[in-house]
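Try each task before reading its solution.

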Amino acid sequence: MKKKVLILSLSMFGLLSTNTFIPTKVLATTAVEPNENTAPEEELDVLYERVYDNGYTLGESDGYSGEKYISLDGNNQLAAYPSEAAQWFMLGYSVGFESGKRSKTEEEMTEKETDYSAGEKAGYEIGIQDYENATVAYTPPTMKSKSADWNEGFTFGYEKAIETMDLSVKAKKEGYQQGVQDEAMSVPELYTEDPMTQKAFEEGFQKAMNEKEAAKNVQYEKDGYKLGYSMEPLVVPDGLTPAGTEAFTKGYNKGEKKRLEDVKMEGFNAAFLNEKYKVPKVYESNVQLLEVYQQGFVSNKKADQFKKQAYQDGWKLGTKIDVPAAYKKNKAAVTAYKEYYQLGQEKQEKTVYDVLIALGILLSGIGLFRVIRKRKKKGDFSV
């Protein structure tokens, strides 16, 4: 306690030496001279500490309210204390007053900062929304229900959002251009100062990289398709990314499937052009292709009827080539139809010719018979 009293005494000595520190009213009511009943030194230490704490509590309350000595009006509680104790009371009061005043100031500053921050956050969020919706207000709105600090923060946040979005658009374009030209990303310092602009730059760069990778994957798929169509074993080139490997394999499967479909259709069409099944030499060494070719040939159940119909159409008098609509886009079917139609035409012509010959012979015989008969009647039998 002695050390505490000594330190406080030294720190406040200059303050205590002035008459302005202690109100006249307080000094008048607390000035009590020491007498023979004065307490021992140890008890005085306890007394001074209690008096100091009492003064500190009152001073802190007044300091927080901003009205000095208001709590001391009519306070006669120190009348029984020695004048030195009154000085310690006022010392505690002064220190408490400054502490309360500081607490009030800090509280007000915290409140102002809190209001400002809340307004800034709201302004920033609304600014982003307005920018994305193309409804930017060049004069940010104010909220009458909010404090001046809140509105000040709102304006700052709104304008900051617009600036950030403008810069983000620029950052994304530059990131894209860098991605087109380079494989490694390097974000300019200008865009690293804000997470949004940095993200925009990275998105632009990544977009370019994705497009380049997509273009490569398209080519990988084409290469895989060619390999698959040739029915060669699947061998993925070295150095491809997982996406590139997937594209190549996908193309290979597509190419293989298309080749099988084409060969099967080839066999199907062969049924139009051939009377009997023939094994194509090109597929003799490939069991899989030979199998689907045969499947296609056998699956054409209408080939015989189709050719028969074409033959009949050609044999009929006065008909013209008219390939059925369902087969007009099938070259093999059209070829077969024309071939068998022509055979029908030839058969028709031969039949007509034979009929005419027969008819001519018949007519000639009838004419000769009539001549002989006529001469007979006249008695002239010479021919």
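This is a predicted model: local features need pLDDT of at least 70, side-chain atom pairs count only at pLDDT 80 or more; totals for chains, interfaces and linings use all residues.

**Exercise 1. Describe the overall make-up of the protein chain: how many helices and strands does the chain have, and what percentage of its residues count as buried?**

Step 1: assign the secondary structure. The protein chain has 12 helices and zero strands.

Step 2: look at burial. The chain is 383 residues long, and 29% of them count as buried.

Step 3: look at the sequence separation of contacts. Take the contacts between residues at least 6 apart in sequence; 73% of these join residues at least 24 apart.

**Exercise 2. Characterise the packing of helix 8 against helix 9.**

Step 1: Two packed helices are described by the angle between their axes and the distance between the axes.

Step 2: apply them. Helix 8 covers residues 195-229 and helix 9 covers residues 242-273; their axes come within 6 Å and cross at roughly 35°.

Step 3: The crossing of helix 8 past helix 9 is right-handed.

Step 4: sort the residues of this contact between helix 8 and helix 9. They comprise nine charged, eight nonpolar and six polar residues.

**Exercise 3. Is Phe-272 buried or exposed, and what does Phe-272 touch?**

Step 1: Phe-272 is part of helix 9.

Step 2: apply the cut-off. Phe-272 counts as buried because its relative accessibility is 0%, and buried means under 20%.

Step 3: list contacts beyond four places in sequence. Among the residues that Phe-272 touches are Phe-306, Lys-307, Tyr-327 and Tyr-340.

Step 4: compare sequence and space. Phe-272 and Ala-303 are 31 residues apart in sequence, while their C-alpha atoms are 5.3 Å apart.

Step 5: follow one partner. Lys-307 sits in helix 11 and is buried, with 3% relative accessibility. Beyond four places in sequence, Lys-307 touches Phe-272 and Tyr-340, as well as Ala-271, Asn-274 and Glu-275.

**Exercise 4. Two residues other than glycine, Ala-134 and Met-231, have positive phi. Where does each lie, and is each buried or exposed?**

Step 1: take Ala-134. Its phi is about 55°, and Ala-134 lies in the loop between helix 5 (83-132) and helix 6. Ala-134 is exposed because its relative accessible area is 69%.

Step 2: take Met-231. Its phi is near 65°, and Met-231 belongs to the loop between helix 8 and helix 9. Met-231 is buried, with a relative accessible area of 15%.

Step 3: find a partner of Met-231. Leu-289 touches Met-231, along with Arg-259, Leu-260, Val-263 and Tyr-283, when residues up to four places away are not counted.

Technical notes
Residues are numbered from 1 along each chain as its sequence is written. Side-chain values use heavy atoms; hydrogens and water are left out. Axes are lines fitted to C-alpha atoms, for helices over the stretch in contact, and angles run from 0 to 180 degrees between N-to-C directions. Helices (H or I, at least four residues) and strands (E, at least two) are DSSP runs, numbered from the N terminus. A crossing is left-handed if the near helix is turned anticlockwise from the far one by less than a right angle, and right-handed if clockwise. Ala, Val, Leu, Ile, Met, Phe, Trp, Tyr, Cys and Pro count as nonpolar, Asp, Glu, Lys and Arg as charged, and the others, Gly among them, as polar. Contact means heavy atoms within 4.5 Å. Buried means under 20% relative accessible area, exposed over 50%, partly exposed in between (1.4 Å probe, protein chains only).
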